[in-house]
Amino acid sequence: MKTHVQVAVIGGGLVGCSILYHLTKLGCTDVVLLERDELTSGSTWHAAANIHGLHDTNNVSRLQYYTMKLYTELEAETGQSCGVHQPGSIYLASTRERMHQLRLQRAKARAYGVEFEELSLAVVRDLNPFVNLDGVLCAMYEAAGGHVDPSGVTHAYAAGARKLGAEIHRFTPVTETNPRPGGGWDVATDKGTIRADAVVNAAGLWGREVGRMAGLELPLMTMEHQYLVTEEIPELAALGRELPSLADRDGEYYLRQEGNALLVGAYEKDGRFWSVDGTPSDFGHELLPDDLDRISDNIMRACERMPCLADAGIRRIINGPMIWTPDASALVGPVPELRNYFVCTGIIPGFSQSGGLGLAVAQWIVDGEPELDLFGWDVARFGAWADKPYTMARAFDNYTSRFRIHFPNEERDAGRPVRTRPVHDLQRDEKRAVFGFSFGWEHPLWYAPEGMAREDHFTFERPRWFDAVGRECRALRDGVGVIDISNFAKYRVTGAGAEAWLDGLFANRLPARVGRASLSPMLSARGGVAGDFTVTRLADDDFYVIGSGIAERYHSRWFNSRLPAAGVEFQSLSAAYTGFNVAGPGSRDLIGRLIDEDFSNQEFPFMEGRVCRIGEAEAIVIRVSFTGDLGYEIYVPEQHQLAVYDGLFRLGADLGVQPVGSRALASLRVEKGYGSWGREYSPEYRPRESRLERLIKDDKGDFCGRDAYLRIKDAPPRELLCFFKVDAADADPVGSEPVFTADGSVVGRLSSAAYGFTVDASVALGYLETSHAVPGARLEVPVLGTNRPLTVLERPLFDPDGTRLRG
């Protein structure tokens, strides 16, 4: 066994072997995989191993289609069979909402060039003569759907990696992982210690235990999962071909052919945790006691849909553990608090995602980041607030509602609240706020008027809160509104080296004088947009920085890795400070009543920022507003939040001040054409494509991503960010929909969309191929399964000249 390698992968299941394989394909061949038992031990060997391509998240779909295509290539490359069966998959919709979901996925499939088409029920019966279609409203067919052999795929990855120089050591449990001063790791095993430049925790069921060796508590929880395989069914044997798999998600089960039998699995409402404190070290190829009664309701629904199932005997029952994250998406990427320590665990549809995940992790290690924006899978999307009770509550909720539709703007209640602000109860009880969840924090989404139920509503059509949000938007545009922005990320950077350090992080120049603020992107390893920040110079060596709240831990990768040993004091104030955005034409009057200072345009112009006093509180006030209207952001220590909130509403009563939630803010910022990190701005998009090139000052000296930016600076943009107006009727796009020409060609996609209540139009932002990014161009976007006309706008509809913003 080697004593030094570039990368040590811990875990010899499906994903660990995929990571190893992809590292070698990228030229990183001095790598080793360490497996405590035999390859496939844990949850890989007993998986049903179904494969499908489409996902509600576009980039996940891209990686899943990459994975499905890879299996046949892997067989040809290695000679190892992956047991690929692709008879196709039939998706059934028995509700109106499921029909909307499937038709949106059909539209997205065209963007990937894959076959996912609506079928008549007669054609469905031809494909599956045994299916009962009572109650089915529509059906789709995914030609590439099917299943693979768990052991075959894992060993194919292993064979491909070995062929290119990787080593695999079975029956070699890791006992310790200890960081080295230079950034590498000592990985101790019962056969000796390996010094690795980087470590990957791909330990699956043992992801928690391996994480603890490095001082990590990963938000993971194990749950039982059952499926059964019937005895041979004569009708299937006589058919002479394999049936397409059946995705009847309204029935909450999955079903496919296994030989001449049927395999049926379920995510039951009565889910069961397993080994909640940690996976036993001696567990491997064992199964758990079966408990078929738990999934009997699901199986009965499957029998109604496939009557030949009802008369079949049961050959075997598989009950094995799976490891879940709080949102059922994988934990992937470098751990921000550790150097060169990566994770890739908590994967549920592993055989649909193994290739894409392996490629993403390998790119992260070799190239510094993956090609696609994978924030929805990034380990940094969770913080320390994602503790064991939260993880268990969310894992249970996701398991028991595995096939539930994920609606636009959906929020789930399980595990909440985790973190609240002092003003939370007042917002809930007096202002009638309906709350959402953002990086552990409760924050107001919208406010229910008297007489309206204070409960959220999720649908593909216009929701019940549509009019309430419209009233909030109009109240702000016509008067003054108060938005709780406490969930923004907030930082204070001080010290003699503060200016130089920030200048080396951000691509724009810092504010030149005390009292000014500037907008600045931070660039990624490939020159994309890793973040966008507002930087305010409060003193010569004192800066206040605002960023995306959900990305605070994500951005800490850049901050932590570049923080000097001395001369800079960096503080996260996200928990200690709260914030309000006071916006609208009455905002100057209101803030002048709250703070005894001159807020005239001459004394406090746009992008001005300074420290003020509000009673006993020291407040940071910046003239900026994500609404695109005249507005001010006020930040105060948490202990003063209630007093400031009370003051705003007491002093603004005669101005008609209204509370405004984040759903209204989303509408207001899209009306104005403001991009948001994670939607319009991400590492996937280059500054020129995002129309941020004016904020990149490559002549100021070195900064994060500068070299990569210089390599792509003059390249023609692949796409361009555009403003749109949509001819919508009873529903609006929500973002992520493909954009089509009249002849059906895919030429772009939406990134954000909303109804613009103060411009009386359905509006959107998105990216188009440059040849189509022409003002006045008429294109189409799918809404509720029907393409609606979409017009490219030259400028946003609200205040395109910025007269209100700067007035």
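The model is predicted: local features need pLDDT of at least 70 and side-chain atom pairs count only at pLDDT 80 or more, whereas totals for chains, interfaces and linings use all residues. Residues are numbered from 1 along each chain as its sequence is written, and side-chain values use heavy atoms, with hydrogens and water left out.

Helices here are DSSP runs of H or I with at least four residues, numbered from the N terminus. H2 covers residues 58-78, and its axis lies 10 Å from that of H5 at an angle of about 50°. Axes are lines fitted to C-alpha atoms over the stretch in contact, and angles run from 0 to 180 degrees between N-to-C directions. H2 and H5 are therefore oblique to each other (under 35 degrees counts as roughly parallel, over 145 as roughly antiparallel, 65 to 115 as roughly perpendicular, and the rest as oblique).

In this pair, contact (heavy atoms within 4.5 Å) involves Leu-70, Tyr-71, Leu-74, Glu-77 and Thr-78 of H2 with Val-153, Ala-156, Tyr-157, Ala-159, Gly-160 and Lys-163 of H5. By class, seven of these residues are nonpolar, two polar and two charged (Ala, Val, Leu, Ile, Met, Phe, Trp, Tyr, Cys and Pro are nonpolar; Asp, Glu, Lys and Arg are charged; the others, Gly among them, are polar).

## Helix H1 and its partners

The axes of H1 (residues 14-25) and H5 (residues 150-163) come within 8 Å and cross at roughly 25°. H1 is therefore roughly parallel to H5. Their crossing is left-handed, and the residues in contact include Cys-17 and Tyr-21 of H1 and Thr-154 and Ala-158 of H5.

## Nonpolar cores

A nonpolar core is a set of buried Ala, Val, Leu, Ile, Met, Phe, Trp, Tyr and Cys residues joined through side-chain atoms within 4.5 Å, where buried means under 20% relative accessible area (1.4 Å probe, protein chains only). The largest has 58 residues, of which Val-9, Ile-19 and Tyr-157 touch the most other members. A second, separate core of 37 residues includes Ala-380, Phe-533, Val-670 and Leu-695.

Note on methods:
Helices (H or I, at least four residues) and strands (E, at least two) are DSSP runs, numbered from the N terminus. A crossing is left-handed if the near helix is turned anticlockwise from the far one by less than a right angle, and right-handed if clockwise. Buried means under 20% relative accessible area, exposed over 50%, partly exposed in between (1.4 Å probe, protein chains only).
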